[in-house]
Every structure is written in structure tokens, then in C-alpha cells.
Amino acid sequence: MSWQEVRGHDQQFQWFRQQYASGRLGSSFLFIGPAGIGKRTFAIKLAQALLCEKSPQGSLTPCQECSACRQVKAGTHPDLHSVAREQTSSRVSIDQMVGRAEQRGREGLCYDISLKSYCGGKRVAIIDDADDLTGEAAAALLKTLEEPPADSVIILIGTNKQRQLPTIRSRCQVIRFSPLSRDELSELLMELGLADDAQQSKELATIGNGSVERVKSFIGSGVLEFREEF
């Protein structure tokens, strides 16, 4: 039984639920695992659960129906802030963290997460592509992690713990995510429309190594055709 249709990461959910129910939930987390296995999906569902207006206390079960849940899903909730590599760049820049030079310290994710909650609850920040923070961006983020704002939850998403600054790692609880099983990946590929039928989804899952991103890299590359001919 998957948590909120997030496949393969029930153990991580149970840990978060126990921490939340006991009032021991930390403020900074580093999600580590291969690309394309659902870390960001998990982070969004966690944000939904933390910001949901109807979720029973301590359950971490978003209702999926209230305005907060719908806003999180749409990426428009005022207490959810996120950054990722921009399409024109291979790095997450300092401007994204603390604002452009002329607005430095008055915009960007670190500024947004420091503000009072718009809805009166928690604020959640998701930093995708944490492997690719520039040195300046990482240094700016470190200041926020050293003194995280009250009632904030900051989630960094990366692939390898060694690609993060030691000072950032030491201020985050590291949550490890494993690749999806072949059956889980096969079912997900069908849902996402990345396979034409069940047989193809199983074949893709066999070579996908538990990652949707890996499967996407094969589609249209000729690898599948070569493998069949071989």
C-alpha cells in the first residue's frame, strides 16, 4: 500500500509520520538517491500533508481536496517555495536563493522562507537539484540552515551526499531513497503513458534500474530497438 500513491518509499513516510506525531520533526532535510525515483514527488506530498487544512493532527495524510492541497499540487501555495536549475543554466544560482544584486536579501528562496506564514501554519521550501548549487548559493543557504525560521521545513533534493558541502550536510537530516522495484516502476510507466502496453512497461522497467528518468533517456534513443535486435 503506497502512501498517497507515492510508490516505493513507505519506510520514509512512516519515519516522517512518527517524527511529526511526536512533535520531533526537524526543520532541514537532505533527500538522497538516484534521479527519477520519486524524491521530488515525495517532497510535494509531504508539503501537502504539512499544509493541508483538513488533515487529522499528526497523520501526515493530505485530504487532496482543500484549497491548500490543490494549491500545493498546482505550485501556487503562498507558503510553499521552491527553486531548481533554470532551463538556461546548469547551476542553481545565488540570485535564486537571495535575490538579484539590486534586490539582494529582499527576494529569493531564503528571503521567502523567512517571512511570516501567509496561512498561519508552516512554510515549506524545496530545493531541487541541490547537487548543482553554486558555491555562493550554497553559502547563502547555509546561513538559513544555521538558523532556520520557526515553523519552516526545508528540503534539499540531491543524488549523492558527497556532492553537498559538509557544512550543509551536517545541518540536515539525511533521508535516503532507494530505486523503485521493477513492478513499481512498471506500474508507474503505464500510469505516466511512457509505455504502450503492459509488456513494454515490463521491458522498460527491466532496464530502467528503478528510475523513470533512466527510462525516459532510453525512449527514442534507439536503445530499445537495438536491444530487441540484439
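A search of the whole structure turns up zero disulfides, a disulfide being a pair of cysteine sulfur atoms within 2.5 Å. That is our way in, but first a word on what you are looking at. This is a predicted model, in which local features need pLDDT of at least 70 and side-chain atom pairs count only at pLDDT 80 or more, while totals for chains, interfaces and linings use all residues. Residues are numbered from 1 along each chain as its sequence is written, and side-chain values use heavy atoms, with hydrogens and water left out.

Back to the cysteines. A disulfide is a covalent bond between the sulfur atoms of two cysteines. For C63, the closest cysteine sulfur is in C66, and at 3.6 Å it is too far away for a bond. C69 is in no disulfide either, with the sulfur of C52 as its nearest, 3.7 Å away. C63 counts as partly exposed because its relative accessibility is 24%, and C69 counts as buried because its value is 0%.

Now let us turn to the sheet. Helices (H or I, at least four residues) and strands (E, at least two) are DSSP runs, numbered from the N terminus. Five strands form an open sheet in the order 2-3-4-1-5, with parallel pairing; two strands pair if DSSP finds at least two bridges between them. Strand 2 (80-83) and strand 5 (173-176) are the edge strands, each pairing on one side only. From one strand to the next, the twist averages 20°. Strand 1 and strand 5 run parallel and are joined by four bridges, and L30 stands opposite V174 in strand 5.

Helices lie on this sheet. Helix 1 packs on it, touching strand 1 and strand 5, and its direction makes about 150° with that of strand 5. Helix 2 also packs on the sheet, touching strand 1, strand 2, strand 3 and strand 4, with its direction at about 170° to that of strand 4. Here contact means heavy atoms within 4.5 Å, and the axes are lines fitted to C-alpha atoms, for helices over the stretch in contact, with angles running from 0 to 180 degrees between N-to-C directions.

The largest nonpolar core has 27 residues, and F16, F31 and V124 have the most contacts inside it. Such a core is a set of buried Ala, Val, Leu, Ile, Met, Phe, Trp, Tyr and Cys residues joined through side-chain atoms within 4.5 Å. Two or more residues each come from helix 1 (10-21), strand 1 (28-32), helix 2 (39-51), strand 3 (123-127) and strand 4 (152-158). Helix 2 gives the most, with eight residues. Apart from this core lies another, of 24 residues, among them I113, L133, A137 and L141.

F31 sits in strand 1 and counts as buried because its relative accessibility is 0%. Leaving out residues up to four places away in sequence, its contacts include F16, F42, L46, I155 and I175. F31 and R176 are 145 residues apart along the chain, and their C-alpha atoms are separated by 6.0 Å.

After helix 8 comes G193, with a positive phi near 75°.

Two other residues deserve a look for their backbone. Most residues other than glycine have a negative phi, and most peptide bonds are trans. Q64 is not a glycine, yet has a positive phi of about 70°; Q64 is found in the loop between helix 2 and helix 3 (67-74). N209, also not a glycine, has a positive phi of about 55° and lies in the loop between helix 9 and helix 10. N209 counts as exposed because its relative accessibility is 56%.

Note on methods
Buried means under 20% relative accessible area, exposed over 50%, partly exposed in between (1.4 Å probe, protein chains only).
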